[in-house]
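Subject: The structure we talked about

Hi there,

Here is the structure I promised to pass on. Have a look at it first, and then read on for what turned up.

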Amino acid sequence: MASSSPEPKSEVAMPAPAGHMMNPTDPDNPQNWPLTRKIYASTVAVAFAFAVAFGVTSLTVGIQGVMQEFNITMTMAVLGLSLPLFGIAFAPIFTPHISERYGRSPVYLVSLPVFALFILGAAYSSNFGALAVCRFFAGFFGGPCLVLIEGTFADVWPASSTVTYYSFLSLASYIGAGCAPLVLGALVTAKSWQWTQFVTLMIAFGVYLFGIGVPETYPREILRARARRFGHSIQLAKAESGVTFAEMAQTTFFTPLSMAVSEPLVIMVTLYLALNFAVLFQWFIAVPAVLALTYEFTLHQVGLAFIAAIVGALVSTMTSSLTEKITNRQNSCRTGTAMARLEYRLVPAIFGSVGLCGSLFWIGFTASPKINYSVPIVGTGAYVWSSMSVLTGLVSYIFDAYPAKGTLSALTLMATVRILCAAWLPLVIIPMIMGLQGQWAYSVFGFMAAAMIAVPVIIFILGARLRSKSRHAGRIMSGDSQNMTTGPHDYQEMQMGSGHA
């Protein structure tokens with residue numbers, strides 16, 4: 001007697017409210033996880049991003065050693081910082097599509113070990129060409145860790161805390177980059193530049209062991225895994241990031257190029273963040289040079305100077321989070337809704353933009369033997385506070401300014417351009433300082449930053465109107481808080497991420 005096996009059950013997963021592919025009451029929904037599991041998943045994402053950011057800036061402490069060993073110019077040695085950034089610039093373009101197919105956890109767990117292998121290759125490079133290649137590919141393969149952290153946080157935490165969680169995920173990159181010169185300054189003095197790479201390897205290894213059990217947070221992959229576990233088939237809505245190569249290229253390449261010339265919001269934010277990151281990363285070259293020449297700092301003392309930058313990042317996280325709580329609370333008292341109007345996410349950027357401009361003039365005109373070294377060092381801390389506040393406010397706003405596909409395209413453009421600018425300026429900053437003198441070199445950036453103060457103010461006043469005229473705005477035309485719940489969860493659906501180097 002023949003027995004027929006039962007047909008596998010089939011379920012259809014349609015988007016739940018807020019564009020999320022999981023029901024809000026589903027216990028497997030990451031936003032319903034116990035707090036400890038949420039914190040673990042978020043901490044792993046932070047740790048992976050920290051490790052890559054640390055590795056990117058680690059070699060800046062060993063530039064003199066690299067110059068001497070390979071008999072190269074300083075500009076060539078600075079490529080040790082710029083090349084991994086050029087590699088990371090590709091990550092926002094390809095990472096969303098890989099993560100869409102395999103989930104977030106496998107990408108984390110493959111990206112970091114490959115990054116570490118190239119860091120190992122950099123440490124044992126016998127010529128500068130090999131070092132340059134290894135540093136570039138370390139950035140290329142490590143970049144997804146800096147990209148996916150945004151999607152992980154959006155998976156796990158609610159839309160009402162977008163500014164808060166973005167400030168925390170930004171903290172991973174800022175502190176990772178700032179800790180490298182702090183930790184490695186004394187070590188390189190006692191050992192050699194190769195130890196900048198060995199320490200990065202140790203950190204990557206420790207982080208990997210800590211994160212090897214990280215749970216999957218991407219809703220689509222959670223649903224696919226659950227269907228496989230129970231022998232079901234499942235029909236998911238088509239991923240808006242694209243299925244065919246042509247669709248993927250359209251979303252993360254051609255549409256961003258189009259937005260770069262057609263979307264006023266995206267153009268303004270992209271230009272501002274490009275200036276922000278270019279100046280941010282030139283500090284890793286300029287600060288050691290200026291402190292050594294002006295105040296005769298040792299490499300160890302230069303590393304300690306980066307404590308100011310780390311403090312600035314920590315203070316920015318606190319002030320941005322506090323701002324969001326205040327605006328949400330005021331809005332709740334006034335309207336009864338949980339979140340303030342979308343444009344209120346720009347408040348940290350409005351305050352930060354004033355600080356960004358002021359700190360550049362502060363540093364430029366106080367880095368002098370006649371003025372105590374602590375004054376310009378504190379100025380760099382003020383710049384970092386301002387830089388991170390501007391980044392947090394503007395990117396948190398763009399999260400929800402467009403539907404999923406438009407948001408991914410906008411963030412891809414913004415991330416790629418700012419990372420490319422961050423890679424370029426360090427290569428020319430020393431000749432610029434020598435040619436214009438420090439005061440006027442930083443005054444040039446200060447005047448540019450002064451013009452950019454208008455960006456968050458204009459968007460705060462006219463943002464809703466500008467979005468209403470955009471062909472990418474689609475169904476999200478939100479001055480009201482009801483629509484604001486769409487963005488970050490649409491963003492989850494799209495696998496977003498913008499690298500924070």
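Let me start with the open spaces: the second largest pocket holds about 240 Å³ of space. Please keep in mind that this is a predicted model. Helix 1 and helix 7 (162-190) are the elements that give two or more residues to the lining of this pocket. Helix 7 provides the largest share, six residues.

Among the residues that line the second largest cavity are Thr 60, Val 61, Pro 181, Gly 185, Phe 284 and Pro 288. Leu 299, Val 302, Gly 303 and Phe 306 also belong to the lining.

Now for the rings. The structure holds 35 aromatic pairs. One of them joins Tyr 40 and Phe 210 in an edge-to-face arrangement, with 5.5 Å from centre to centre and 75 degrees between the planes. Tyr 40 lies in helix 1 (residues 35-58) and Phe 210 in helix 8 (residues 194-211), so this pair ties together parts that are 170 residues apart in sequence. Tyr 40 is partly exposed, at a relative accessible area of 24%, and Phe 210 is partly exposed as well, at 40%.

A further edge-to-face pair is formed by Phe 361 and Phe 447, whose centres are 5.2 Å apart and whose planes make an angle of 75 degrees. This pair also links distant parts of the chain: Phe 361 is in helix 14 (residues 347-366) and Phe 447 is in helix 16 (residues 404-452), 86 residues apart.

Arg 37 has its charged end over the ring of Trp 33, 4.2 Å from the ring centre. Arg 418 lies over the face of Phe 277, at 5.2 Å from the centre of that ring.

On to helix 4 (residues 91-102), which has 12 residues. From its first C-alpha to its last it reaches 16 Å, close to the 16 Å expected at 1.5 Å a residue. Its buried residues include Ala 91, Pro 92, Thr 95 and Pro 96, along with His 97, Ser 99 and Glu 100. After helix 4 comes Gly 103, with a positive phi near 90 degrees.

Positive phi values turn up in residues other than glycine, too. Asn 71 has a phi near 55 degrees and sits in the loop between helix 2 (63-70) and helix 3 (74-88). With 72% relative accessibility, Asn 71 counts as exposed. Glu 296 has a positive phi of about 55 degrees, and its place is the loop between helix 11 (264-295) and helix 12 (299-305). Glu 296 counts as exposed, at 69% relative accessibility.

Helix 11 also contains Val 279, which is buried, with a relative accessible area of 1%. How far apart are the C-alpha atoms of Val 279 and Pro 426? They are separated by 8.3 Å, although the two residues are 147 residues apart along the chain.

Last, the cysteines. How many disulfides does a search of the whole structure find? It finds zero. Cys 134 is buried at 14% relative accessibility, and Cys 179 is buried with a relative accessible area of 14%.

Enjoy looking around, and write back with any questions.

Best wishes

Note on methods:
Residues numbered from 1 in each chain as written. Predicted model: local features only at pLDDT ≥ 70, side-chain atom pairs only at ≥ 80, totals over all residues. Heavy atoms only, no water. Disulfide = S-S within 2.5 Å. Buried < 20%, exposed > 50% of the residue type's maximum accessible area, 1.4 Å probe, protein only. Phe/Tyr/Trp six-rings, centres within 6.5 Å; stacked < 30°, edge-to-face > 60°. Helix = DSSP H or I, 4+ residues; strand = E, 2+ residues; numbered from the N terminus. Lys NZ or Arg CZ within 6 Å of the ring centre and 35° of its normal. Expected span 1.5 Å × (residues − 1). 1 Å grid on protein atoms, 1.4 Å probe; cavity = no way out; pocket = protein on both sides within 12 Å on 5 of 7 lines; lining within 4 Å. Points joined across faces, edges and corners; volume = space filled by probe spheres on them.
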